[in-house]
Amino acid sequence: MYIRLMDFHGIDLNLLAAFDALMDERNVTRAAARVGVSQPAMSAALARLRVLLKDPLFLRGAQGLVPTQRARDVAEPVSRALREIESALVGAPAFVPGRARMTVTLGLSDYPAFVLLPGVMKALADQAPGVSLDVRAFSGRDSAVDLLDAGTVDAAIGIAPTRQESRILTRTVLRDEFVTILRKDSPSARRGLGLKTFLALEHVLVSPEGDRHGLVDQLLAQAGQRRTLRMTLPQMFATPAIVAGTDLAATVLRQVVLTSPARRKLVMFPPPVPVPGIAFDVIWHRRNDAHPAQRWLRSLVAEVAATVSAAAPAP
């Protein structure tokens with residue numbers, strides 16, 4: 001029997017592992033530490049890769065190495081191939097949640113911290129009592145990428161990053177829709193909420209960035225309308241209590257109202273202008289994609305999110 005050997009044009013697995021580490025870490029020193037070689041050895045590997053692939057692959061930028069388009073094109077196939085080879089030759093160790101003794105770190109924006117975290121902690125207590133949780137807060141959509149790149153968190157939950165990066169993976173676990181809320185015994189609540197009433201009210205705008213022109217204002221402007229803002233604040237979860245004690249209106253995500261102690265004092269209406277809903281994702285780094293404990297954690301978050309969605313009453 002004749003076996004034809006494939007010609008990889010001088011590329012070996014060590015070079016592919018070096019490339020994969022450089023894509024993940026965006027730093028020669030950290031990439032070298034990850035694969036267990038010296039920094040000069042990693043630099044030499046990068047030099048060989050540049051010659052073999054006929055491309056610079058990485059350029060220096062303010063935040064570290066910036067991959068070229070050629071590097072981005074091959075990153076996902078190389079990473080997938082390495083994981084498949086590792087799985088075939090080594091195999092993934094079994095992960096038994098009930099026996100695990102470890103700490104996992106989650107990056108959370110405000111919304112999943114209020115809506116999902118209680119359920120996540122209950123699920124951990126039931127399924128993995130030896131697993132502790134360390135929570136790190138973030139606000140900007142792209143801040144999750146920075147936390148994952150630095151290895152500060154194992155996964156994050158929030159709105160998907162604005163930048164699409166091959167090393168960053170996402171899975172939508174929860175969707176929510178906007179509702180407009182009023183104090184239940186306010187005159188406007190008794191009349192119903194049409195556009196005329198909506199525009200006559202004074203409003204609270206939730207803006208983490210401090211803007212005085214939110215999504216609702218953009219949609220109204222497209223229709224040639226404008227509302228009156230009485231208050232802006234960065235914390236969405238403070239809004240229901242404020243509305244419950246005033247004649248102000250606010251347009252917030254429905255779960256924000258349902259998790260508020262003030263919910264019984266409020267009434268929810270569909271916004272008189274259609275406002276698109278928002279999806280919340282589990283976000284993780286490709287280097288953690290196949291890790292058994294990390295995969296279990298992401299599945300647990302998705303299960304909790306599904307329970308939250310199923311339990312939410314219709315508006």
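**Reading the model feature by feature**

Guide: Let us begin with the largest pocket: α5, β8 (202-206), α10 (215-222), β10 (249-253) and β12 (278-285) each supply at least two residues of its lining. Helices (H or I, at least four residues) and strands (E, at least two) are DSSP runs, numbered from the N terminus. This is a predicted model, in which local features need pLDDT of at least 70 and side-chain atom pairs count only at pLDDT 80 or more, while totals for chains, interfaces and linings use all residues. Residues are numbered from 1 along each chain as its sequence is written, and side-chain values use heavy atoms, with hydrogens and water left out.

Visitor: What volume does the largest pocket have, and which residues are the closest to its centre?

Guide: Rolling a probe the size of a water molecule over the atoms shows where empty space is left. On a 1 Å grid over the protein atoms alone, a cavity is a set of points where a 1.4 Å probe fits but cannot get out; a pocket is an open set with protein on both sides within 12 Å along at least five of seven lines; and lining residues have an atom within 4 Å of a point. Grid points are joined across faces, edges and corners, and a volume is the space filled by probe spheres set on the points. The largest pocket here has a volume of about 1000 Å³. It is lined by 33 residues, of which I159, V206, P208, E209 and M236 are the closest to its centre. The lining comprises 19 nonpolar, nine polar and five charged residues (Ala, Val, Leu, Ile, Met, Phe, Trp, Tyr, Cys and Pro count as nonpolar, Asp, Glu, Lys and Arg as charged, and the others, Gly among them, as polar).

Visitor: How many cavities of 30 Å³ or more does a search of the whole structure find?

Guide: The search finds one cavity of 30 Å³ or more, and about 50 Å³ of space lies in the largest cavity. Its lining consists of F19, D20, M23, D24, A75, S79, S166, R167 and R286. By class, the residues divide into three nonpolar, two polar and four charged.

Visitor: How many aromatic pairs are found in the whole structure?

Guide: A pair of aromatic rings is described by the distance of the centres and the angle of the planes. Rings of Phe, Tyr and Trp (its six-membered ring) pair if their centres lie within 6.5 Å; planes under 30 degrees apart count as stacked, over 60 as edge-to-face and the rest as tilted. The search finds five aromatic pairs. One of them joins F19 and F58 in a tilted arrangement, 5.9 Å centre to centre with 50° between the planes. F19 lies in helix α1 (residues 13-25) and F58 in strand β1 (residues 58-61), so this pair ties together parts that are 39 residues apart in sequence.

The rings of F114 and F237 are stacked, because their centres are 4.0 Å apart and their planes are at 10°. That pair links helix α5 (residues 110-115), which holds F114, to the loop between β9 (228-233) and α11 (239-244), which holds F237, 123 residues apart. Y111, F114, F237 and F280 form one aromatic cluster.

Visitor: Which strands pair with β3?

Guide: Two strands pair if DSSP finds at least two bridges between them. Strand β3 (residues 102-108) pairs in the parallel sense with strand β4 (residues 131-137) over seven bridges, and G107 stands opposite R136 in β4. β3 also pairs in the parallel sense with strand β5 (residues 155-158), over three bridges; there, I157 is the bridge partner of L108. β3 is mostly covered, with five of its seven residues buried.

Visitor: Where is R26, whose phi is positive?

Guide: Most residues other than glycine have a negative phi, and most peptide bonds are trans. R26 has a positive phi of about 55° although it is not a glycine; R26 is in the loop between α1 and α2 (28-35) and is buried at 10% relative accessible area. K54 likewise has a positive phi, near 55°. K54 is found in the loop between α3 (39-53) and β1 and is exposed, at 72% relative accessibility.

Note on methods:
Buried means under 20% relative accessible area, exposed over 50%, partly exposed in between (1.4 Å probe, protein chains only).
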